[in-house]
Amino acid sequence: MEKLTIPETLQKNITYHSEVCDRHTYIKAGQEIVKPIQKMVIDGELVCPRCELEQGDRKLQEATQKEYDEFLKQKKYNTFYNRSILADNTILAATLENYHVEHQEERKNKQTVMESISRLKNGQVFNLILQGNQGAGKSHLAYAALRELNESGLDVSCLFVNVESMMRLIKDSFNNKESRYTENYFVELMSEADYLALDDIGAETGAIGTDKIATDFVQRVLYAITTTRQDKSTLITTNLSSETLFRMYDKKLVSRLFRNPKFVVFKETKDKRMNNIPF
Ligand SMILES: [Zn+2]
């Protein structure tokens with residue numbers, strides 16, 4: 001038989017020592033009893049083997065916990081990029097820097113959005129309502145605001161949801177049992193997000209409903225979200241006037257969407273997407 005050689009690094013000089021460690025106890029008949037552990041001298045160092053073991057466990061536990069916390073933080077961060085529902089991908093490029101202001105109204109509104117971002121970062125809870133002409137850049141600003149929050153290093157999740165696209169996905173899931181995009185999926189996702197943007201609210205009703213009154217499931221989804229997000233901030237963009245919104249949706253629902261609001265209204269800004277068309 002070959003002689004087993006122990007690598008030098010594993011060879012430790014271990015001897016028992018007469019000292020005991022009295023930090024370890026067990027319970028017997030309701031009484032805590034000290035179980036003395038004989039200490040050892042390992043490579044010249046006097047240690048309690050039980051203490052060493054427990055410390056090793058704790059270190060391992062801490063390392064595992066740290067890794068898990070990091071995983072959760074990364075998952076939150078990725079929510080914005082992996083779970084957002086966009087009407088079109090051009091919005092992916094939207095930042096505050098590339099929201100160009102030409103007129104007083106745009107300048108003022110961009111300023112309000114930037115101030116709102118600071119307030120949100122400081123933990124204030126309110127709903128930011130961007131209302132006005134189509135193409136004024138409301139979605140751009142809402143997306144850019146979420147990006148800013150997501151990249152702020154805060155441990156938060158952000159989610160941008162184009163309401164019409166979401167409602168189409170939910171509607172498709174009624175007939176497609178394979179689809180992950182169910183009503184429950186979205187309600188849960190939007191409830192959990194720390195910061196949510198509901199993009200172009202009201203547009204889904206003209207596109208999906210047969211008349212201009214929101215269908216049951218649209219109301220149900222929005223109602224569920226406003227219920228679970230009472231202590232969270234939501235950003236909302238819409239082309240519609242409050243009068244139209246109140247006519248289309250349940251009044252209680254609209255009141256909830258506009259709870260504790262900060263309004264950013266575009267009245268003068270022309271459709272920015274038409275800027276490079278000369279007529
Ligand atoms: Zn010990």
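**Setting up.** I am working with a predicted model, where local features need pLDDT of at least 70 and side-chain atom pairs count only at pLDDT 80 or more, while totals for chains, interfaces and linings use all residues. Residues are numbered from 1 along each chain as its sequence is written, and side-chain values use heavy atoms, leaving out hydrogens and water.

**Entry 1: two helices.** I looked up helix 4 (residues 163–175) and helix 7 (residues 216–228), which pack at about 115° with axes 11 Å apart. Helices here are DSSP runs of H or I, at least four residues long, numbered from the N terminus. Axes are lines fitted to C-alpha atoms over the stretch in contact, and angles run from 0 to 180 degrees between N-to-C directions.

Which residues make the contact? Helix 4 brings Met 166, Met 167, Ile 170, Lys 171 and Phe 174, and helix 7 brings Phe 217, Val 218, Val 221 and Leu 222; contact means heavy atoms within 4.5 Å. I sorted these residues into 8 nonpolar, no polar and 1 charged. Charged means Asp, Glu, Lys and Arg; nonpolar means Ala, Val, Leu, Ile, Met, Phe, Trp, Tyr, Cys and Pro; the others, Gly among them, are polar.

**Entry 2: a pocket.** Next I checked the lining of the second largest pocket, and found that helix 1 gives the most to it, with 7 residues. Helix 1 (49–83) and helix 5 (183–192) each supply at least two lining residues. I sorted the lining into 4 nonpolar, 5 polar and 6 charged residues.
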